[in-house]
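Here is a friendly briefing to read beside the model. Have the sequence and the 3D view open as you go.

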Amino acid sequence: VSGADATAFLHGQFCADLLSLPADAGCLTAWCTAKGRVITTLFVFRRAEDWLLILPANLAARITQRLRVFVLRADVKLHPPAADTVLLGLDAGATGALDPEQQRRLLRHPAEDAQRTRFFLPDAAAPHSSPIGMRDWARFDVEAGLPWVDAGTSENFLPQELNLDRWVGLS
């Protein structure tokens, strides 16, 4: 998401206080219906000139379409990823094998503990190191208590029921 009004626009759409999120930082948050039901949970990352949204693939097209409805006259552009774009999930040990440009683009996963630090590498054309497998990544999210709402559970929860305040995702 880019444009002069992108920060204010996203702040008005999601549950987190995105205005106070520093550059190169991210958080888990939610997008809700007018009745307060969580449509999806997602990671939002503030980059130098734009925002990156990471959300369940089975809701990406629907979310993009619905967000466009609210843009109105704001200077906001939604850029869906190219079909061949890969989002890699890496643990801290795998990041050393990346070149400096890739290391600069790493986004720290908001759920980390003394045992595990994870990163996202967006816009990767192909794996450059050993990514964490989807099964392990999902297990790590469950162990961390991350609430993922996708198409199968959309609009079944309130943000408070998902403990989004624990993840700085509810303001």
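**Cysteines first**

By the rule that a disulfide is a pair of cysteine sulfur atoms within 2.5 Å, the count comes to 0 disulfides. C27 is therefore in no disulfide, and the nearest cysteine sulfur, that of C15, is 10 Å away. C32 is likewise in no disulfide, with the sulfur of C15 again the nearest cysteine sulfur, here 3.5 Å away.

Please keep in mind that this is a predicted model, where local features need pLDDT of at least 70 and side-chain atom pairs count only at pLDDT 80 or more, while totals for chains, interfaces and linings use all residues. Residues are numbered from 1 along each chain as its sequence is written, and side-chain values use heavy atoms, with hydrogens and water left out.

**Burial of the cysteines**

- Residues are called buried under 20% relative accessible area, exposed over 50% and partly exposed in between, using a 1.4 Å probe and protein chains only.
- C27 is buried, at a relative accessible area of 5%.
- C32 is buried as well, with a relative accessible area of 18%.

**Overall build**

- Helices (H or I, at least four residues) and strands (E, at least two) are DSSP runs, numbered from the N terminus.
- The chain has 4 helices and 6 strands, and their order along the sequence is α-β-β-β-α-β-α-β-β-α.
- The radius of gyration, taken over C-alpha atoms, is compared with a globule rule of 2.2 Å times the number of residues to the power 0.38.
- For 171 residues, a compact globule would have a radius of gyration near 16 Å, and the chain agrees with its 16 Å.
- Along the principal axes, the C-alpha atoms fill a box of roughly 45 × 35 × 30 Å.
- Of the 171 residues in the chain, 42% are buried.
- A contact means heavy atoms within 4.5 Å.
- Among contacts between residues at least 6 apart in sequence, 59% join residues at least 24 apart.

- Two strands pair if DSSP finds at least two bridges between them.
- Strands β1, β2 and β3 form an open sheet in the order β1-β2-β3, with antiparallel pairing.
- The edges are held by β1 (25-32) and β3 (51-54), each with a single partner strand, so one side of each has no neighbour in the sheet.
- From one strand to the next, the twist averages 30 degrees.
- Axes are lines fitted to C-alpha atoms, for helices over the stretch in contact, and angles run from 0 to 180 degrees between N-to-C directions.
- Strand β2 (residues 38-46) pairs with β3 in the antiparallel sense over 4 bridges, and F45 stands opposite L52 in β3.
- Helix α1 (residues 6-13) lies across β1, β2 and β3, and runs at about 30 degrees to β3.
- Helix α2 (residues 57-71) also packs on the sheet and touches β1, β2 and β3, its direction making about 80 degrees with that of β2.

**Salt bridges**

- Side chains of opposite charge can pair when their charged atoms come close.
- The structure holds 10 salt bridges, each defined as a side-chain nitrogen of Lys or Arg within 4 Å of a carboxyl oxygen of Asp or Glu.
- R118 and D141 meet in a salt bridge at 2.7 Å, N to O.
- R118 lies in strand β6 (residues 118-124) and D141 in helix α4 (residues 134-144), so this pair ties together parts that are 23 residues apart in sequence.
- Both R118 and D141 are buried.
- R104 forms a salt bridge with E101, their closest N and O atoms being 2.8 Å apart.
- R104 and E101 both lie in helix α3 (residues 100-105), 3 residues apart, about one turn of the helix.
- R104 is exposed at 58% relative accessibility, whereas E101 is partly exposed at 40%.
- R139 and D136 meet in a salt bridge at 3.3 Å, N to O, and sit 3 residues apart in helix α4, about one helical turn.
- R139 is partly exposed at 38% relative accessibility, and D136 is partly exposed at 36%.

**A network around R66**

- A network of salt bridges links R62, R66 and E155.
- R66 lies in helix α2 and is partly exposed, at 29% relative accessibility.
- Not counting residues up to four places away in sequence, R66 touches W31, I39 and E155.
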